[in-house]
Amino acid sequence: GMSRSRILLQNSAEVPDRQITEVLGLVQGHTIFAIWMGRDLSALVRLLLGGELIEYTEMMGQARKVATNRMVVQAERLGADAIIDLRFMTTSVIGSAAELLAYGTAVKLSNPAT
């Protein structure tokens, strides 16, 4: 369904109070997004003046969500309980497009200690 995934996402290699019982392998998700500078000259001016590019920040946030969701879907197919060592990587593709990759290790966990 559309409910939030029960898969835990961890930046670290450990999950508090749980043992890793099985390593299922690398899972990843990616998305390619376009960076529009031409649309808005004021965005370029803000960039040059050291302001934050709000459109760009929002787009990156959206791209992270999409890439993460795609990675989680892969992990769910493997029957994972968690994704550990979660990382994000951005690579420039062509001109004004960039690729965002989310990747981590899908694992199975012991039941929480009672």
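**A walk through the contacts**

Searching the whole structure turns up 1 salt bridge, meaning a side-chain nitrogen of Lys or Arg within 4 Å of a carboxyl oxygen of Asp or Glu. This is a predicted model, in which local features need pLDDT of at least 70 and side-chain atom pairs count only at pLDDT 80 or more, while totals for chains, interfaces and linings use all residues. Residues are numbered from 1 along each chain as its sequence is written, and side-chain values use heavy atoms, with hydrogens and water left out.

Which residues form the salt bridge? They are arginine 6 and aspartate 81, whose closest N and O atoms are 3.4 Å apart. Arginine 6 lies in the segment before strand S1 (8-9) and aspartate 81 in the loop between helix H2 (54-77) and strand S3 (82-92), so the pair ties together parts that are 75 residues apart in sequence. Helices (H or I, at least four residues) and strands (E, at least two) are DSSP runs, numbered from the N terminus.

Are the two partners buried or exposed? Arginine 6 is exposed at 59% relative accessibility, whereas aspartate 81 is buried at 17%. Buried means under 20% relative accessible area, exposed over 50%, and partly exposed in between (1.4 Å probe, protein chains only).

Next, look at arginine 64: its charged end sits over the ring of phenylalanine 88, 3.9 Å from the ring centre. For this, CZ of Arg or NZ of Lys must be within 6 Å of the ring centre and within 35 degrees of the ring normal.

Finally, turn to the backbone. Aspartate 17 has a positive phi near 65 degrees and is exposed, with 69% relative accessible area.
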